[in-house]
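Please walk me through this structure, one selection at a time. I have it open in a viewer and have not seen it before.

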Amino acid sequence: MTPLQLFLQQLANGLTLGAIYALIALGYTMVYGVVQLINFAHGEIFMVGAYAALTVALAITGAPWWAVLAVCALGAMALCGALGWATERVAYRPIRSAPRLNALITAIGMSFVLQNLVMRIYGATDRRFPELWPAVRWQWGGVTVTLTQVVVWGTAALLMVGLQWLVMRTRLGVAMRATSQDVAACALLGIPVNRIIAVTFALGSALAAVGGMLFGGYYGTINFHDGYLTGLKAFTAAVLGGIGNIPGAMVGGVVLGLLEGLGAGYLSSQWKNVFAFVILVCLLLFKPTGLLGERVADRA
Amino acid sequence: MPPLLEVRRLTQRFGGVFALDEVTLSVQQGETVGLIGPNGAGKTTLFNCVTGVQRPTQGEVWFGREAPEPLVGLAAHQIAQRGIARTFQNIRVFAAMSALENVVIGTYTRTHTGLVGASFLTSEARREERWAADRALGLLEFVGLAGRSDAMASALPFGLQRRLEIARALASDPALLLLDEPAAGLNPVEKQQLVQLIGRLKARGLTILIIEHDMQVVMPISDRVAVLDYGRKIAEGSPRAVQDDPKVIEAYLGVPTT
């Protein structure tokens, strides 16, 4: 492999990871935007999404692969959307006016609940993930691109464009942005703020669910504690892009994935997980507002 | 004819301090009422109790001309949906959104398809989205912001942000508009323009309750003026009569006028 081939190969691998991180990071950043809460149970929602997709995939037989993929994605989105909505309703809304720390601890508790629930249902061992798409690969000048990677890129790009459209062009999006700037003023304009917040949780969770499905298809196995590490990395991606900033989460996810891919290729794949957290530490020390973030101090 | 807004013996206590002490006030349909008084007299507290930002310790607020209903206990967004809009003493426009988007947000209570769910994919929802944008453009023009619809709210000068906030409040087509010190921080020219703008709102038949320190703003536009001091209503009447009331002069100047 020539140096250029190696570089391009790691770029392709990193971009795939990055797309998955970005989908999860969006949920962290959207929720932080409207309620200033780091929802540490979000990684678990992602993991539940993977299990939901697995369950749906095993239930369907005899359909073309893209149809199965679509049904798996929609099923996982629906389940996780409902789950995100429900966690906000039962765990976060009752303590919304309590000190931040209470909500943070609740989020960690929620994450344990979800982990253990999935462990009870699916067992503690790795589960093999069904093949959602054929194992096709292409070679271009020594660089291998798999159908897996194309599916991950395509799905993530589609969802991100859709989200961006929703946030920038629809009245729901306008209301979400307004809520993230001034909750009280929104309420005084007649906007049911609680509903907007619940919808934001549901939307972020639905995106994470698709991330979970792609993650399962990419690695081939899933485990009930997969949400922890991947969730933390996606959180790093959200901080990297600037927490609360939606395009920032997309950029942060992709950048983190690329750094991880290139680091694994050039240094050592065993150090793969270290890169993300070195970045997190450096960011918190030197640029806590992230790449695209600027609002941290603009809140009263 | 019952009044549009009726505040009955409204009391708001913070510990031992009475921010409002049995204040009674009514506003008739089509009327512009000025609410004046020294700093800390309880004027903004009264607005907050009426709009559901805070819950009064005691007392009632009734709203509606045909079938008045009590407002105390309702959430802020429910009160807004019943037709009360307000602006803020310290401007609270959505800084990171365009002027147009700020006003579009205000139309929420006048739309039917709702924000949630897949409703934005239906043709009815798209039609409403266009309607909201058209209405917002019309209001921006009305307050003198024509041509600035794409500007970020934070990029507008202070005086225009004030107008933007008024346009946003008007977007819900309220029956009652509460203005909290709309002239604060404006220069004399802008104050004159504000008086003209409020005059045009009156001409449209809007009912207005306005808190204002600047007598040159509040006196020409108010049909009636109520004065608060230490949470109590100490005077009420025509602008002329209130200005000459010894109790009012004492509250403002702090000296008894024997």
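The stops below go from confidence to helices and then to the contact between the chains.

**Confidence.** Chain A has an average pLDDT of 91, and 97% of the residues reach at least 70. Now select residues 296-300 of chain A, where the pLDDT is below 50. Beyond near neighbours in sequence, this stretch makes two contacts in the model. Where pLDDT is low, the predicted coordinates should not be read in detail.

**A helix pair in chain A.** Two packed helices are described by the angle between their axes and the distance between the axes. Select helix α1 (residues 3-35) of chain A together with helix α10 (residues 246-266) of chain A. Their axes are 6 Å apart, and the helices pack at an angle of about 145 degrees. The crossing of α1(A) and α10(A) is right-handed. Sorted by class, the contact of α1(A) with α10(A) holds 18 nonpolar, 11 polar and one charged residues.

**Helix α4 of chain A.** Select residues 100-122 of chain A, which form helix α4. Next, pick out the buried residues of α4(A): A:A103, A:T106, A:A107, A:M110, A:S111, A:L114, A:Q115 and A:V118. Just after α4(A) comes A:G123, with a positive phi of about 90 degrees.

**Where chain A meets chain B.** Which helix of chain A gives the most to the side that touches chain B? Display both chains; the contact takes 20 residues from chain A and 25 residues from chain B. On the chain A side, α6 (171-181), α7 (183-188) and α8 (193-219) each supply at least two residues. Of the elements of chain A, α6(A) gives the most, with seven residues. By class, the chain A side of the contact divides into 13 nonpolar, three polar and four charged residues.

**Helix α1 of chain B.** Finally, select residues 43-51 of chain B, which form helix α1 of that chain. Eight of its nine residues are buried, so this helix is largely enclosed by the rest of the structure. The buried ones are B:K43, B:T45, B:L46, B:F47, B:N48, B:C49, B:V50 and B:T51. End at B:G52, which follows α1(B) and has a positive phi, near 85 degrees.

Terms used. Residues are numbered from 1 along each chain as its sequence is written. Chains are lettered from A and ligands numbered from 1 in the order in which they are written. This is a predicted model: local features need pLDDT of at least 70, side-chain atom pairs count only at pLDDT 80 or more; totals for chains, interfaces and linings use all residues. Axes are lines fitted to C-alpha atoms, for helices over the stretch in contact, and angles run from 0 to 180 degrees between N-to-C directions. Helices (H or I, at least four residues) and strands (E, at least two) are DSSP runs, numbered from the N terminus. A crossing is left-handed if the near helix is turned anticlockwise from the far one by less than a right angle, and right-handed if clockwise. Ala, Val, Leu, Ile, Met, Phe, Trp, Tyr, Cys and Pro count as nonpolar, Asp, Glu, Lys and Arg as charged, and the others, Gly among them, as polar. The expected span of a helix is 1.5 Å times one less than its number of residues. A residue is buried if 20 or more other C-beta atoms lie within 10 Å of its own, exposed if 12 or fewer, and partly exposed in between; C-beta atoms are placed from the backbone. Two residues are in contact if their C-beta atoms, placed from the backbone, lie within 7 Å. pLDDT is the predictor's confidence in each residue, from 0 to 100.
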